[in-house]
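This report looks at a few backbone details and at one pair of helices. The structure comes first.

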Amino acid sequence: MEFKSVVGWRRSIRWFDPWREPEREKIQSILEAVYRAPRVLEVDFLHLGVVYRDRLSHEEMQTLKTPTTTAQLDMAPVYIFFFADVQALEEACRGQNFRELMRVGVLNRSHGWSEEFVTNTAAAYLESVRDAEARVPLRLPAPGGEGSPMLVSRETLRLARTAIGIAQAYALLAAVEEGLGAQLSGVSVAAARGILGFPPTWVPSSPMLLGYRAESREAGGQRPREPFEEDFFELRYGHPFYREPAVVEQLKAAGMIQEPALFPWRMEEIRGLARKFGLPD
Amino acid sequence: MTGIDVAGVRSAESVRRWLSSRQELWGARSNNESLLETLTRFCAFAGKTPDEMVDDCLKPGKAGETLMLRTRARRQYMELVEQFEAANASRDDGNVARSFLIHNGIAMNPGILT
Amino acid sequence: MDFYRTVGNQRAEQYFLPWRPVERQKVQVILEAGRLASRAVNTAFAKAIVAYRDSLTAAEREKLKTPFSAVLVDTASVYLFWYHDMDARRVAIEERKWPTVASGALVDIGALGPPHGWSHRYVQNVVLPEVLMPGLDAGPQRGGNADAGLAMAQGLLAALDEGLAACLAPFDEAGAKEVLRTPDTWEPVMGMFLGYPADSAEAGGQEPRPPFESMFFEQHASEPFARDEQVTKRLEGAGLIQRPAPVPWREKEVRAVSRMLGLPHEEAQP
């Protein structure tokens, strides 16, 4: 699919055909897209976990659910979890990734890169992030009482969450490219830790529910947004970036900007889906 | 419990809220008498009026202005609805009760049927 | 451009043609793509400010630089500074000007509804007080936001789709605050440095990554996701997987481009 069309067709899908598991090839393709995503400051933060609903026990499923994610978790055959390992920043402070990029001609002398720069400047910058004064506990539940949670700088979390967001963007769009529906959703973090067994240095985030859509591709229309000028500025804050109508029209023609919600038949669709899955209306 | 009839159920504030919320979302044709009849049977099953059930699940917040969900009560009602559903061998009946609670702000999450 | 090729074309581009301006329309396309990104509770956590190298003084450009972005600031035509608006949640809840979960918009449009346990009353009586409002009293909290990164990433891909070179690098927060007058409630995500590429489209090849199986697991963190070579072959054909760095001519290319742009370089050994 054309990139702009992929962006345009992305929706938060909340209705999946639960009996149709996405092919493993499609799941791998999504992971391969994330694999090519840019790294934040060349730190290898990311880990992703693919979980198949039908390989979870009934008890595990029940613990994962929150009051408003029950139906989606029951419907989506696959969940992809995103993590950022804050320990990766410690590794990155040694500078090996920078050295590798220098070796293959990505980072060059033209831009100031040298062994001295890696050791004295780039790695030092990462250390300053790691050691920044404002610190918070990594509030992961400690099964069986593992002692105090580790402290991590807010700056480290800033980079880690950015890395997660980049991965989520790539994964959501790749899901659309593969003809699947996807949504970032909430689950019980404590339950996820028990099931997936991830280490305490991994910062979790909203998993992506994945499957074949039960609702229409349109899903009622593109979701509403605040005015463009509320979010984007030019030259300085408070000076909105002028939104040229001709560009908007081009993007409509390209399929990136689509008909906004609410389609007239959407509510009937929802009630029909509710009947399909025995859910209340 | 004596005294719960369709007329009484219809006049409850929580039922008016439910029907109004349904109408706003699904349109006027989504409301019909059978909903009230089913809800009345559920009230009799629970031994509670509609307003009592909602009050059981939502309590005033500290400031008194908002309502807060009572998690345990919500879980108890989820189980009660499942029992009602089983007793009537009808997911549709259970869903009427769920719809009433949901539109009153109490999330109900049955497993999906496949 | 086809999606997978767009993804596969991503490089940490370092070399831009300084004399070739980026069309304003392309910048808007990048912002439009970022605006359409997924975001929790439909709230606008991502914000961005566009600045142009040639509209800034040399002194202003210096203030924006970090060790990672020094040369990028001097050579890229356009900068997009992406931010996490730490006040977005409070604004969505208290002001309710725009369609968010707090305003009930997602129930109105059938995105969330009774089949999933949602209703307007549920939003007002449970979601707002028990999910969205806790922690607001503490004020804006630094520590990043995945949705802001998500929007930026979607914008980055749009830049590549528009045939631009793009590089993400940190910028000086205090300097940007002075130059761009950003509010205290905005926390930097990354700078996106844009321009037309001065080097070849391959830009040296796809950059190395840790082993695939070290990043992706299946069902449990101890179980790597086995990588099927048939899938990678298909994705090579689709342009997602491309020739890895370094390509054979990279050293010569870097030297020539550096010379063209007046950047430090080592001359070839005879």
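With 14 C-beta neighbours inside 10 Å, C:Arg181 is partly exposed; a residue is buried with 20 or more other C-beta atoms within 10 Å of its own, exposed with 12 or fewer, and partly exposed in between, the C-beta atoms being placed from the backbone. The model is predicted, so local features need pLDDT of at least 70 and side-chain atom pairs count only at pLDDT 80 or more, while totals for chains, interfaces and linings use all residues. Residues are numbered from 1 along each chain as its sequence is written, and chains are lettered from A and ligands numbered from 1 in the order in which they are written.

Most residues other than glycine have a negative phi, and most peptide bonds are trans. C:Asn42 is buried, with 23 other C-beta atoms within 10 Å. The table lists the phi values of two residues that are not glycine.

| Residue | Phi |
|---|---|
| C:Asn42 | positive, about 45 degrees |
| C:Arg181 | positive, about 60 degrees |

Two peptide bonds are also of interest. The one from A:Ala261 to A:Leu262 is cis, with omega near 25 degrees. Another cis bond joins C:Ala245 and C:Pro246, where omega is about 0 degrees.

In chain B, the axes of helix α4 (residues 50–57) and helix α5 (residues 71–88) come within 7 Å and cross at roughly 135 degrees. Helices here are DSSP runs (H or I, at least four residues), numbered from the N terminus as strands (E, at least two) are. Axes are lines fitted to C-alpha atoms, for helices over the stretch in contact, and angles run from 0 to 180 degrees between N-to-C directions. The helices α4(B) and α5(B) are therefore oblique to each other (under 35 degrees is roughly parallel, over 145 roughly antiparallel, 65 to 115 roughly perpendicular, and the rest oblique).
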